[in-house]
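Please walk me through this structure in the viewer.

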Amino acid sequence: MSKNRIFIPLDSAAVALGADEVAERIAIEATSRGLEVAIVRTGSRGMHWLEPLIEVEVDGKRIGYGPVSEDEVAGLLDTGLFEGGDHDTTIGVVEEHPFMLDQQRLIFSRCGVTDPLSFDDYVGNGGLDGLKAAIAADERSIVDAIKTSGLRGRGGAGFPAGIKWDTVQGATADQKYIVCNADEGDSGTFADRMIMEGDPFLLIEGMVIAGLGVGATKGYIYLRSEYPIAARVLNEAIEVAKENRLLGDEVLGSGKAFDLTVFVGAGAYICGEETSLLESLEGKRGLVRAKPPLPALEGLFGKPTLVHNVLSLCSVPWILANGGEAYAAYGQGSSKGTLSFQLAGNIKQGGLFETAFGVTLDDLVNKYGGGTLSGRPFKAVQIGGPLGAYLPQELLHLPMDYEVMAQHCAGVGHGGIVVFDDQADLMAQARYAFEFCAEESCGKCTPCRVGAVRGEEVMDKIAAGENHDENMVLLEDLCELMVDGSLCAMGGMTPIPVTSAIKHFPDDFAPRHAREAAE
Amino acid sequence: MEKIIEEALSGHVGETGGLITGLRHVQERCGFVPRDTVRIAADLFNISQAEVRGVISFYADFRDEKPGENHIRLCVAEACQSVGSRQIERELTDKYSIAMGETSASGEVTIEPVFCLGLCSCAPAAEVNGKLISRASAKRITNEVGG
């Protein structure tokens, strides 16, 4: 009799909801029934409200059960789990779930499906197609494919990737580097973590292709310390990649070398800023560097360095395998390809939803996200992390598109969407933006270091009803100064959540007596 | 102690970002970064004590004193705020009579804020003694401490 295979995520979100305990219980219960079971730990499908979501394969289709608690395991086995038996927790064929059907999973196609550490699984499901195409092409055509794809940096800034690649490729140096920014510190974002835990070879392949394209032989993944599971999976995957010559002196017989190391940070949000990250990777305080020089010309140890976010690099294999035009066919305007939207905060169906740019906020929050978790009326979304804008109900019709969002003083950012219900106080959220900046500022430039603290103080005065109107003017002035005078996006974008909150939720900033009267 | 610190650091001299990796290993072995580390690391890495101190003080992960027997990290970022992390913070700091970032007088518990554990789709999130918890409540967290 062949072993019964059961798929259980090792993803942090699933583990935090009890996946390890469920896996353990399944092993125990199966043994006591004399059943042979092979437990495969996978990434997550991204339907986190159903985690732990366990799957079995029946007639070539994956049937899902979730959320499964430890106590339900025995009952599940009694109803014939391995035959896809009916149970309260069954969601049917996973791929046919409405949340999955509407997605366009170019990047996350294997995540939650395959064993993240099985090289055979990877190659058997489209892995290495991009790298093989890259090896067959010359450096110029690799960079051209990236340019044609219209890929923009997925870390938040949305800078055209092709321009960066061009710059690094054109630089002459004895050593160039590929640095992956895996310091995913923005609240409301977890796509990088999911792909690193669920399909690590994809990131490795993307970095190797980048190395071939720009002429770099050494790569670093700068990973935040808050992601220990991702660290373990990546390090194991790198060992497997070396055994299979995806990494090493001669990558897949190409004659080109590429070596890769995971570096774990030490708890500093600012290290997600690329120059701060490079300082940190050099073992120093993560102080932001002034630009120019651009890291593309003078980056790690002063050498030309391609710094990219995890998902930017994870998009590369698909682009090389299918061509830049095919990628650019997804999306709209100058927002090409797909984005892995992260539905977070007070949302009923939280998780990851990958689809082409152009999807509306309303669809993401209500159609796929199912509205608020609390069941209370919606109040706001914050898009793109702690430095992103708060938007109201009236703007939910907007499509996720870099230019459209910019017209509304907002950004797509990393695609993280945090939902708040009517109990949220946007003045408190605006104050928090300053508090966070004060905590995480590297301290190098004054507008950010001092501005954040002054912001907290002014917000406190406004909250206390002290010279309300004058302090509101002062607050606006401070925001303007931080935007214009800060060295990097930390101080430069902290005013965005503040000014967007004031603009769209003025009632929350009204003088205290008016607010109390309204209540 | 001196020997442990030296052992934890010495393997990382010359490595990219070696000082930070070395300091992490010191903390893993000692539970915190002892004061002597500054001098020992400066000697080993051939940099000034000021630079070592600068690195230790810059990164939130590095502690200069031993944490409590139980280590709670509560996410205090926006996604967790949207589903009540501020309330959990109040309940926990009340229960143990400490502020965030402090250790209880008995040495039983240290509570630290953390800015995002990447569990924002199933917030609020916390970590107790290395174990991740989603859909956290003050009760679930204290149960974990008790157990």
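**Stop 1: chain B, overall.** Keep in mind that this is a predicted model. Select chain B and show its C-alpha trace. The trace spans about 50 × 35 × 25 Å along its principal axes. Read from the N terminus, the order is α-α-α-α-β-α-α-β-β-β-α. Chain B has 147 residues, and 56% of them count as buried. Now consider contacts in chain B between residues at least 6 apart in sequence: 56% of these join residues at least 24 apart.

**Stop 2: a helix pair in chain B.** Select residues 2–10 of chain B, helix α1, and residues 36–45 of chain B, helix α3. Their axes lie 10 Å apart, and the helices pack at an angle of about 40 degrees. α1(B) and α3(B) are therefore oblique to each other. The crossing of α1(B) past α3(B) is right-handed. Show side chains next. From α1(B), pick Glu2(B), Ile5(B), Glu6(B), Leu9(B) and Ser10(B). Their partners in α3(B) include Asp36(B), Arg39(B), Ile40(B), Leu44(B) and Phe45(B).

**Stop 3: a helix pair in chain A.** Move to chain A and select helix α6, residues 129–136, with helix α13, residues 310–322. At what angle do the axes of α6(A) and α13(A) cross? They cross at roughly 60 degrees and come within 7 Å. The two helices are therefore oblique to each other. This crossing is left-handed. On the α6(A) side, the contact is made by Asp129(A), Gly130(A), Ala133(A) and Ala134(A). α13(A) contributes Pro317(A), Leu320(A) and Ala321(A).

**Stop 4: helix α2 of chain A.** Select residues 19–32 of chain A. This helix has 14 residues and reaches 20 Å from its first C-alpha to its last, close to the 20 Å expected at 1.5 Å a residue. Which residues of α2(A) are buried? They are Ala19(A), Val22(A), Ala23(A), Ile26(A), Glu29(A) and Ala30(A). These residues sit on the same side of α2(A), because they cover an arc of only 135 degrees around the axis. Show the neighbors of that side. The buried residues pack against β1 (4–9), α1 (12–16), β2 (37–42), β3 (54–58) and α3 (73–78) of chain A. Gly34(A) follows α2(A), with a positive phi near 70 degrees.

Technical notes. Residues numbered from 1 in each chain as written. Chains lettered and ligands numbered in written order. Predicted model: local features only at pLDDT ≥ 70, side-chain atom pairs only at ≥ 80, totals over all residues. Heavy atoms only, no water. Helix = DSSP H or I, 4+ residues; strand = E, 2+ residues; numbered from the N terminus. Expected span 1.5 Å × (residues − 1). Buried < 20%, exposed > 50% of the residue type's maximum accessible area, 1.4 Å probe, protein only. Arc of directions from axis to C-beta. Contact = heavy atoms within 4.5 Å. Axes fitted to C-alpha atoms, helices over the stretch in contact; angles between N-to-C directions. Parallel < 35°, antiparallel > 145°, perpendicular 65-115°, else oblique. Left-handed = near helix turned anticlockwise from the far one by under 90°.
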